[in-house]
Amino acid sequence: MFIAAATDGVSVAPSWDRAAEAETRRLGEVPAAHVGDALARMTVMDGGIRLLTERAALLGNALTVDVRSGDNLAVHRALDEARPGDVLVVNGHGDTTRALIGDLIGEIMVNTGVTGAVVDGAVRDVQALSAMGLAVYARAITPAGPFKDGPGAVGVPVAVGGTVVAPGDVLVGDADGVVVVPRRRVTEVVDTVDGIAEKEDALRGRILAARRVRDRAAVAR
């Protein structure tokens, strides 16, 4: 860690599996809404988890963190376990009085290859986080900084945005929000999203065709 703090109260899971980049790449090429549809819309985070930075594309494996409200010691400890392509996923218990992530943690994220963060709580320094190219979703922005006392846990299932995220699950996000793909279902979802796009395109084609018929009828009057 880059801070001097005792982490005795932060538990860290010994290990967890991550999905391979080749498995997840396709999920980053389609709208998050299609990914959610492929999962029967059951693992879509609620609308309170909003994109706060300029980068509107998130894809990666969940590096999960459970913290005490307003305290980010476990977030610092979690970044020691980070691998390139991870997404920091923090259960801040919906507390918006203290920012759990700011520009300094953002710099560590860049160092470790973490591509973004999803925080059920607040963040700060959003302009700096944007300039770093990070995709950051959270419930709120506040300039108030966090405490660093713990306790916390890393690499455990967490509740974020009204859904459960397990370590190694795949996060897919865009301007609409964030969808969680359970790691065991990645291949299934990849195989399903193309069919969803085809159905939407067919329906869109019928809608546009009907509009053209209406417009021609209006001109003929």
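Modeller: Take helix α4, residues 103–112, where I105, G106, I108 and M109 are buried (under 20% relative accessible area, with exposed meaning over 50% and partly exposed in between, for a 1.4 Å probe and protein chains only). These four lie on the same side of α4, because they cover an arc of only 160° around its axis (the arc of the directions from the helix axis to the C-beta atoms). Helices here are DSSP runs of H or I with at least four residues, strands are runs of E with at least two, and both are numbered from the N terminus.

The model is predicted, so local features need pLDDT of at least 70 and side-chain atom pairs count only at pLDDT 80 or more, while totals for chains, interfaces and linings use all residues. Residues are numbered from 1 along each chain as its sequence is written, and side-chain values use heavy atoms, leaving out hydrogens and water.

On the face turned away from the buried side, α4 carries the exposed residues L104 and N111. Just after the helix, G113 takes a positive phi of about 85°.

Next, the open space. α4 and β5 are the elements that give two or more residues to the lining of the second largest pocket. On a 1 Å grid over the protein atoms alone, a pocket is an open set of points with protein on both sides within 12 Å along at least five of seven lines, and lining residues have an atom within 4 Å of a point. The second largest pocket holds about 170 Å³ of space, a volume being the space filled by probe spheres set on grid points joined across faces, edges and corners. Of its 14 lining residues, those nearest the centre are N72, G102, L104, R124 and K148. By class, the lining comprises seven nonpolar, three polar and four charged residues (Ala, Val, Leu, Ile, Met, Phe, Trp, Tyr, Cys and Pro count as nonpolar, Asp, Glu, Lys and Arg as charged, and the others, Gly among them, as polar).

How values were computed
On a 1 Å grid over the protein atoms alone, a cavity is a set of points where a 1.4 Å probe fits but cannot get out, and a pocket is an open set with protein on both sides within 12 Å along at least five of seven lines; lining residues have an atom within 4 Å of a point.
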